[in-house]
Amino acid sequence: LIRKIMVGGYPEPLGRTIQKRRVAWYLQYVNSIIQKDLRDLGKLEHIDVMPRLVRLLAIQVCQLIDYTEIGNKLGISHQTVTRYVRLLEQLYLFETLPAWHSNSIK
């Protein structure tokens with residue numbers, strides 16, 4: 001069970017015993033979604049930055065996301081980054097969670 005959790009839930013990469021092959025499958029899966037499904041959801045002016053955006057978002061797990069900083073790294077506006085993140089959420093690739101505060105006033 002722990003191995004399946006660490007490898008992911010898709011049957012195809014579970015059958016691959018070499019980690020490099022599993023990583024290649026996941027990269028191809030994400031690229032496939034970007035090239036096909038994202039184009040169907042909305043007009044993307046900067047489809048070429050989407051793989052980098054996915055990587056930048058993935059390394060910010062459990063952190064506050066600064067859309068302006070990400071936009072600067074990609075050379076696009078923070079509004080475009082926000083719109084692209086919403087599209088990725090519609091495809092269930094990401095889920096943005098609100099910040100948790102112990103103070104009920106915040």
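Helices here are DSSP runs of H or I with at least four residues, numbered from the N terminus. With that in hand, just after helix α6, Tyr92 takes a positive phi of about 60 degrees. This is a predicted model, in which local features need pLDDT of at least 70 and side-chain atom pairs count only at pLDDT 80 or more, while totals for chains, interfaces and linings use all residues. Residues are numbered from 1 along each chain as its sequence is written, and side-chain values use heavy atoms, leaving out hydrogens and water.

**Helix α6**

- Spanning residues 78-90, α6 has 13 residues and reaches 18 Å from its first C-alpha to its last. That is close to the 18 Å expected at 1.5 Å a residue, where the expected span is 1.5 Å times one less than the number of residues.
- Which residues of α6 are buried? They are Thr80, Val81, Tyr84, Val85, Leu87 and Leu88; buried means under 20% relative accessible area, exposed over 50%, and partly exposed in between, with a 1.4 Å probe and protein chains only.
- Seen down the axis of α6, these buried residues fall within an arc of 160 degrees, so they line one face of the helix. The arc is taken from the directions from the helix axis to the C-beta atoms.
- As background, an α-helix has 3.6 residues a turn, so residues three or four places apart point the same way.
- The cover over the buried residues of α6 includes α3 (19-41), α4 (50-58) and α5 (67-74), with contact meaning heavy atoms within 4.5 Å.

**After the helix**

- Tyr92 lies in the segment after α6, and its positive phi comes although Tyr92 is not a glycine.
- Tyr92 counts as exposed, at 75% relative accessibility.

**The loop between α4 and α5**

- Gln60 sits in this loop. Is Gln60 buried or exposed? Gln60 is buried, with a relative accessible area of 13%.
- Beyond its neighbours within four places in sequence, Gln60 is in contact with Ile65, Asp66 and Ile70.
- Gln63 is also placed in the loop between α4 and α5, but Gln63 counts as partly exposed at 49% relative accessibility.
- From C-alpha to C-alpha, Gln63 and Ala24 are 26 Å apart in space, and 39 residues apart in sequence.

**Helix α1**

- Met6 is found in helix α1 (residues 2-7), and Met6 is exposed, with a relative accessible area of 67%.

Definitions and conventions: Helices (H or I, at least four residues) and strands (E, at least two) are DSSP runs, numbered from the N terminus.
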